[in-house]
Amino acid sequence: MALLSIEDLSLHYVTSRGVARAVDGASLSVERGQVVGLVGESGCGKTTLARAVTGVIPRSARIVGGKIMFDGMDLVTASRRDANRLRWREISFVPQSAMNSLDPVYRVGTQLMEVLTDRGGMDRRKAKARAAELFEMVGIGVDRLHDYPHQFSGGMRQRAAIALGLALSPKLVIADEPVTALDVVVQRQVLDLIRRLQQELSLSVIIVTHDISVVAYLCDAVAVMYAGKVVEVGRAADVLNAPDHPYTMGLYNAFPDLERSQRRLTPIAGAPPSLIDPPSGCRFEPRCPFSIAKCGEEPPLEEIRAGHRAACWRTGDAAELREKAADVATWEQREGVGA
Amino acid sequence: MEYIARRVLYTLFVLWAVASILFLMFRLMPGDPRAAFIDNTFTAEQQQLLLVQFGLDQPLYVQYGKYMVNLVQGDLGMSFIYKRPVVEMVMEVLPNSLVLTLTSLIIAYAFGMVAGAFLARMRGTWVEGVTIPVVLATRAAPEFWLGMVFLAIFSFSLGWFPAGGASSAGITYDSFWQQLVSPDYWRHLALPVITLTLYLQGLPLLLMRSNMLEVMEDEFVTMARMKGLSEWSIVMRHAARNALLPVATAFALGVGFSISGNVVIETVFSWPGIGRLLVTAVSSSDYPLAQGAFLFITVVFVVANLIADMLYAVLDPRVSHGSAG
Amino acid sequence: MAAQVDTSPAGAAAKPRAAWHRRLKQVLPTSDPFAVAGILIYVVFILVAIFADQLATHDPMEILFTDTYKLARSLPPGPDHLLGTTNVGRDIYSQLIYGTRGALLIGFAAAAAVVAVGTLVGLVSGYLGGWVDNVLMRLADIALGIPFLPFVVVLAAFLRPSMWNVVFAITILLWPNSGRVIRSQVLSVRERAFVEAAVVTGASKAQILFVHIAPNVLPLSFLYGSIAVGWAILTEASISFLGFGPSDTVTWGYMLQDAYASQALSRGHYNWFVPPGVCIILVVLAGFFITRGYEEILFPKLRR
């Protein structure tokens with residue numbers, strides 16, 4: 001059984017301009033010890049989906065349907081107490097900007113101790129030893145426990161945030177754009193750290209990222225989100241090497257590789273649609289270079305091969321589309337369409 | 001350290017400037033400066049004596065030099081009317097002002113912070129809709145008018161509190177400390193404190209509320225929730241601790257501002273403090289006393305500003321602990 | 001060049017008149033209900049001040065007598081004297097009406113002066129920089145280091161009590177607040193594209209400062225102006241209450257001082273000292289509400 005399985009989850013934001021369907025019937029599952037990437041452009045609902053798993057969603061957000069099954073318990077319907085018991089002990093979070101997510105007025109060590117004693121039930125002596133162990137694990141000198149967050153460099157803050165996330169040996173870690181705020185060299189170091197720790201501790205990890213190269217580097221599986229829906233999901237190597245959804249093909253062209261960045265980058269023209277009033281039918285259709293009449297209807301997320309599913313009417317022509325998609329001109333033709 | 005040194009220097013600079021302005025004001029105002037403080041019923045002989053006594057027969061720069069030297073030595077001259085050293089008179093009433101101000105400020109800030117944090121949680125409810133205009137009205141009311149209304153109701157009409165002064169007729173104290181612990185003193189203090197507290201509580205309340213609203217949206221508060229910390233920890237240990245920074249600064253500033261604003265409240269309640277001393281000195285053209293009282297108020301005001309700055313540095317590690325890469 | 005500039009957002013540089021027009025539209029915050037309430041309160045008080053001669057039933061300082069030729073002292077509110085009379089037989093309602101004129105006159109005069117000085121200093125200091133900036137900002141430090149009310153008391157006592165001296169005292173202590181903020185606004189505005197465009201097209205320093213930069217700090221000036229009106233009215237009331245107010249004008253502060261000194265409190269003449277206080281609260285509150293409206297214009301992210 002999967003450690004986490006999100007089934008048909010819908011989450012809406014109630015705003016003054018209307019109801020934004022940020023997550024609209026998304027499904028995703030994470031096996032034990034598996035690293036799953038959640039990719040898409042900003043505003044596609046990936047962060048919202050990931051944060052829903054932590055149980056902390058913005059005040060204006062409502063879960064209107066679906067399940068989040070974690071270790072046999074549905075977090076959507078679970079009581080506050082039951083859900084709270086899992087927080088940080090079973091499911092922890094590594095934020096994008098460690099600067100804003102560490103409390104500026106407490107020493108980093110104090111913030112670690114808080115979690116270890118308040119949530120881990122350790123006494124101070126044990127907690128101190130554990131804090132030192134955690135810092136060693138993420139490669140920060142133990143003496144830096146006495147520093148305040150603003151005294152850390154960006155990379156160190158991110159490491160500290162990882163240490164904080166691993167403090168109570170959770171089963172699942174959700175990392176929201178864990179390296180986006182860092183410069184390239186440090187990005188690589190932090191990704192290596194995540195990979196090493198994931199293997200040593202056989203963690204399950206969800207990595208939210210807009211950067212497909214991060215997925216290629218770290219993930220076993222990947223789910224591609226577009227406009228609140230999962231449009232393609234499968235083994236990472238599969239999805240990246242042989243994408244079936246035109247959006248995935250487009251994303252692949254849009255990002256540099258961590259390994260080889262000589263490839264010419266072509267952004268997908270236009271922007272994701274409004275989630276308040278999304279297009280009927282396939283939501284990517286307005287920006288898709290391969291759209292056909294059929295795309296006015298909404299495609300289901302169908303299994304194409306074992307463990308690989310995509311929501312597109314043209315999966316049958318996928319091989320041909322991939323060839324065309326590799327040609328930069330294909331994407332340039334559509335320029336200005338969805339803008 | 002360098003920051004504090006700079007702030008101290010700056011404070012000294014302001015003090016020097018204010019003292020100089022005061023000197024010039026009392027001597028360079030249009031008209032004969034003597035007219036301001038020498039009654040024309042005095043004989044020419046008496047006038048001449050006074051001129052010599054205050055050094056006014058000397059050139060201006062000599063006067064200024066003497067004035068500054070005396071000031072540094074803590075000598076503010078003699079009261080013209082009471083014939084007593086100004087410093088002594090000021091020191092006699094300063095404790096009353098400080099007791100009034102600090103008591104009111106502490107109550108006002110304690111209440112304001114709790115109420116402000118509470119109102120932040122009540123955001124968007126009818127409680128907020130009713131409370132905020134009321135709080136704003138207390139900020140808009142002249143404090144002496146609040147005092148007048150309270151006097152009319154609680155003192156004259158209901159007879160709950162004495163109508164003014166700091167002690168009942170016939171009561172004397174051997175020391176300030178004896179006075180401070182006497183119930184009679186506190187009975188006199190009550191109404192001024194209530195008035196001042198009502199006037200002062202609006203600022204910390206509104207400040208705390210808006211800070212809380214802002215901090216509660218901060219990512220580290222969201223993180224605290226994800227960690228599953230208790231609501232108490234989230235609100236008090238993380239949100240309130242951060243929202244408190246500007247309020248603490250406002251408190252220190254408030255000491256200065258309300259000492260300076262005390263001139264009216266002390267007058268309404270005939271409270272023997274430094275503000276009332278200034279007003280009576282100015283009214284009776286007791287120039288050395290007025291100058292001395294004003295300088296003392298300035299010192300308290302400027303030093304309170306200095307403390308506010310330093311307090312911020314102490315409370316905010318981002319200032320007190322420089323970044324060490 | 002001109003044609004290019006016109007089509008870009010920096011077109012404002014080529015059309016300073018449009019910039020002023022655009023800013024003036026922002027000068028009155030009419031989107032916020034509180035601000036609208038504040039403006040309404042102001043309008044009512046301004047009308048009262050203008051038509052004081054028509055609204056008042058008596059000369060505010062005249063000592064009145066009853067039909068039986070007795071001094072009309074301490075009369076309760078009634079048809080002849082809407083708010084009663086003072087202990088020496090003056091009509092309280094008429095004093096309140098004329099007091100509105102006095103208070104608003106001082107309030108607006110002081111606000112105008114504070115804003116004018118603050119804006120000018122802010123503009124010059126921010127735009128010229130260097131030693132001019134340094135001197136002006138040190139002056140601001142000193143003014144902010146002076147305890148406000150005590151200084152006004154001393155100054156008012158020296159300058160002989162008059163309305164303009166109260167305005168003067170308020171101005172020299174309050175300008176630094178607006179001056180500092182406007183200075184920092186100028187610092188950021190002068191780096192923007194349209195100012196650069198104006199420099200390139202050879203506009204003079206004064207032209208750049210007053211035609212291109214000034215419109216952008218105007219809402220801030222008005223924000224500080226609406227704060228200063230309330231401050232000035234409160235300050236005038238305090239000064240008058242302490243007995244250093246203008247002797248030539250009836251104001252709310254004068255009425256309160258008169259009431260306090262005439263034992264109105266112990267005699268329970270609420271009709272005498274409550275109305276002026278309520279008027280002061282209303283005007284100052286209106287200022288707060290309008291300020292709130294400006295904050296929404298100036299800092300829209302505060303909107304929730």
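The structure is a predicted model, in which local features need pLDDT of at least 70 and side-chain atom pairs count only at pLDDT 80 or more, whereas totals for chains, interfaces and linings use all residues. Residues are numbered from 1 along each chain as its sequence is written, chains are lettered from A and ligands numbered from 1 in the order in which they are written, and side-chain values use heavy atoms, with hydrogens and water left out.

Chain A comprises 12 helices and 12 strands, where helices (H or I, at least four residues) and strands (E, at least two) are DSSP runs numbered from the N terminus. Its radius of gyration, taken over C-alpha atoms, is 21 Å, close to the 20 Å that the globule rule gives for 339 residues, so chain A is as compact as a globular protein of that length; the rule is 2.2 Å times the number of residues to the power 0.38. The C-alpha trace of chain A spans about 65 × 45 × 40 Å along its principal axes. Two domains are assigned in chain A, domain 1 (100-167) and domain 2 (242-332), with bounds from an automatic or database domain assignment. The centres of these domains, taken over C-alpha atoms, are separated by 42 Å.

Of the 339 residues of chain A, 56% are buried, that is, under 20% relative accessible area with a 1.4 Å probe, protein chains only. Contacts are defined by heavy atoms within 4.5 Å; in chain A, 67% of those with a separation of 6 or more join residues 24 or more positions apart.

Pro95(A) lies in the loop between β6 (91-94) and α3 (98-101) of chain A. This residue is buried, with a relative accessible area of 0%. Asn84(A), 11 residues from Pro95(A) in sequence, is 19 Å away, C-alpha to C-alpha.

Chain C contains 12 helices and 0 strands. Buried residues account for 55% of its 304 residues. Among contacts in chain C between residues at least 6 apart in sequence, 72% link residues at least 24 apart. The accessible surface of chain C is about 13500 Å², of which 64% belongs to carbon and sulfur atoms.

Note on methods
Buried means under 20% relative accessible area, exposed over 50%, partly exposed in between (1.4 Å probe, protein chains only). Accessible areas come from the Shrake-Rupley method with a 1.4 Å probe; for residues, only the protein chains shown count as cover.
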